[in-house]
Amino acid sequence: SGKYPIVVSTWPFVDAVRAAWRVADGGFSAVDAVVEGCSTCEELRCDGTVGPGGSPDENGETTIDALIMNGATMEVGAVAAMRFVKDGIRAARLVMQHTEHTLLAGEKASAFAIAMGLPGPANLSSAESMDKWTKWRENGCQPNFWKNVVPVDGCGPYQPKCNMGPSEGECPASNLMGVTESGSSYVGLHSHDTISMAVIDKMGHVAVGTSTNGATFKIPGRVGDGPIAGSSAYADEEVGACGATGDGDIMMRFLPCYQTVESMRQGMGPELAAKDAISRIARKFPDFVGAVVAINKNGEHAGACHGWTFKYSVRSPEMEDVKVFTVLP
Ligand code: SD4
């Protein structure tokens with residue numbers, strides 16, 4: 001029918017959506033279009049938080065989390081905490097298309113991608129990422145992602161504020177010894193965005209992909225929601241697809257994209273399904289910041305968000321160019 005192809009992406013990543021649209025409009029598969037769209041954002045370093053040279057971790061290193069899912073076959077490929085290869089979404093596709101695995105992590109994810117022909121080993125740091133990191137250290141290393149610890153020299157290493165053995169339960173307030181409670185803070189969240197993109201191709205096949213540097217100044221080793229199927233993205237071409245962005249540490253506990261797609265399967269429209277998935281998280285974590293965008297097989301799309309204003313981009317046959325939609329919390 002005339003309603004396909006359709007491309008939907010988190011944020012105003014207009015160039016990425018255009019790139020995916022050209023591929024899908026040319027008759028190529030949803031998977032190809034998703035790879036083209038997400039890798040465009042990696043090359044452009046969208047928002048300074050996707051691709052090489054983006055958000056550094058506490059050690060100043062930039063890593064990549066990426067995922068691709070084929071909603072026709074339910075195959076998934078993903079890479080987590082990949083440090084030496086710039087092409088996150090292409091590495092994820094290699095995992096999906098050439099292995100029986102779903103997720104490769106760390107240095108071995110880089111080694112796999114290089115062995116399969118992607119350029120590397122490459123340094124993912126840039127002048128911008130090192131500058132961000134230097135400023136963060138000069139400003140006392142806030143915000144960070146620790147709770148109940150004492151920084152030994154102001155920027156780590158860190159020690160537990162109290163012993164939390166199995167019988168001791170929660171860290172008692174009396175043991176906090178006057179140390180400023182920074183808690184886990186997401187003040188910097190607006191500077192770490194994810195591209196999560198869904199495509200329905202001309203044949204009606206659906207795919208999704210995600211690529212991100214994860215959370216800015218994360219603890220090294222942290223893996224976010226980016227490479228987790230059902231969390232940052234999900235596609236089932238019987239129903240539709242979903243992409244997510246935001247505070248992945250919390251969102252990945254709720255699999256909001258799986259929730260959204262399953263709600264659409266049960267008959268909810270994209271808007272209700274997206275809102276329901278977000279409100280399930282907000283009920284438990286009222287301070288969380290995040291958003292999902294959903295699309296069903298009729299081409300209806302909607303977003304829902306909490307804690308920030310969300311924007312998503314769409315290109316469909318009835319549009320002249322990419323349109324950006326704004327969603328209020
Ligand atoms: C993460 N979800 O790693 C990503 C970051 C993000 O907007 O999307 N921020 O938690």
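UniProt positions are given here in the numbering used for this structure, with feature names shortened, and annotations may be inferred rather than shown by experiment. Residues are numbered from 1 along each chain as its sequence is written. The model is predicted: local features need pLDDT of at least 70, side-chain atom pairs count only at pLDDT 80 or more, and totals for chains, interfaces and linings use all residues.

Q: Which residues does UniProt place under "binding site"?
A: The unreviewed entry lists Arg222, Val223, Gly224, Asp225, Thr245, Gly246, Asp247 and Gly248.

Q: Why is glycine 246 called buried?
A: A residue is buried if 20 or more other C-beta atoms, placed from the backbone, lie within 10 Å of its own, exposed if 12 or fewer, and partly exposed in between. Glycine 246 has 29, so it is buried.

Q: What makes Met251 a contact of glycine 246?
A: Contact means C-beta atoms, placed from the backbone, within 7 Å. Leaving aside neighbours within four places in sequence, glycine 246 is in contact with Met251, Val289, Gly290 and Ala291.

Q: Why is glycine 248 buried?
A: Glycine 248 has 27 other C-beta atoms within 10 Å, so it counts as buried. Not counting residues up to four places away in sequence, glycine 248 touches Gly214, Ala215, Gly224, Asp225 and Gly226.

Q: Which residues are closest to the ligand?
A: They are Thr194, Gly214, Gly224, Thr245 and Gly248, among the 14 residues that surround the ligand. A residue is near if its C-beta atom, placed from the backbone, lies within 6 Å of the molecule.

Conventions: Two residues are in contact if their C-beta atoms, placed from the backbone, lie within 7 Å.
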